[in-house]
Amino acid sequence: MPLSVPHIPVQAVVEIINEWATTPQEISTRPWSGYPGGDSTARRELLDVWPSNVAEPDDASIVRACDLIYPVFTVQWPIETANYLNRAIVEYGVAPWLTGTQDALQLRWSTNHVEEFMTAIIVVSLLEHVSAAPRERFGICESTTCADVLIDHSPTHTKHFCSPRCQTRERVRAHRSRKPE
């Protein structure tokens, strides 16, 4: 029988990828203080849905899953994003699974690939988000000192930075480069 794959909120996915993926750590100018502990919101949200019959993920397995999924944020939205997610569905063994309640059917996700369970959770979480908010594009912060992933919730779908701090840093850098010395 397939293993049911839960999903977590997309903001938790973003936080997990930004804290565990290799690329954001390598590009960032912030001093790295290690992976978040068990009290971090994103790790708690992940472990809250983690099934008891699957070994909890260690930092290495979270890093691996984040590094595998990070590229979905770097490809061109929406066609390449769809292609990447379609490949991830196949590669990580994610499949739809219908369950019945007293008066309705509910679409769930499953996998037979327990070794890819962490990756499957991230994929399913992104699929759930795309299903609920199909116009919110995925992207990477455009700051030269940041490679954090982002979900563009802005009304115009033109968000370029992961945070106001990165946006301000880039505006100051651009202003200083225009200023005569």
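User: In this predicted model, with which residue does Arg-43 form a salt bridge?

Analyst: In this predicted model, Arg-43 sits in helix α3 and its partner in helix α4 (residues 59-69), 16 residues apart. Arg-43 is buried, with a relative accessible area of 13%. The closest N and O atoms of the pair are 2.6 Å apart, and the partner is Asp-59.

User: Is Asp-148, the salt-bridge partner of Arg-30, buried or exposed?

Analyst: Arg-30 and Asp-148 form a salt bridge, with their closest N and O atoms 3.8 Å apart. Arg-30 lies in the loop between α2 (22-27) and α3 (41-49), and Asp-148 in the loop between β4 (138-140) and β5 (149-151). Arg-30 is partly exposed, at a relative accessible area of 37%. For Asp-148 the relative accessible area is 6%, and the cut-off for burial is under 20%, so Asp-148 is buried.

User: What is the relative accessibility of Asp-152?

Analyst: The side chains of Asp-152 and Arg-137 meet in a salt bridge of 3.3 Å, N to O. Arg-137 is in the loop between α6 and β4, and Asp-152 in the loop between β5 and α7 (164-178), so the pair ties together parts 15 residues apart in sequence. Arg-137 counts as buried at 17% relative accessibility. Asp-152 also counts as buried, its relative accessibility being 0%.

User: How many charged residues are in the lining of the largest cavity?

Analyst: The largest cavity holds about 40 Å³ of space. Its lining includes Arg-30, Arg-165 and Arg-169. By class, the lining has two nonpolar and three polar residues, and the number of charged residues is three.

Note on methods
Residues numbered from 1 in each chain as written. Predicted model: local features only at pLDDT ≥ 70, side-chain atom pairs only at ≥ 80, totals over all residues. Heavy atoms only, no water. 1 Å grid on protein atoms, 1.4 Å probe; cavity = no way out; pocket = protein on both sides within 12 Å on 5 of 7 lines; lining within 4 Å. Points joined across faces, edges and corners; volume = space filled by probe spheres on them. Nonpolar A, V, L, I, M, F, W, Y, C, P; charged D, E, K, R; others polar. Salt bridge = Lys/Arg side-chain N within 4 Å of Asp/Glu carboxyl O. Helix = DSSP H or I, 4+ residues; strand = E, 2+ residues; numbered from the N terminus. Buried < 20%, exposed > 50% of the residue type's maximum accessible area, 1.4 Å probe, protein only.
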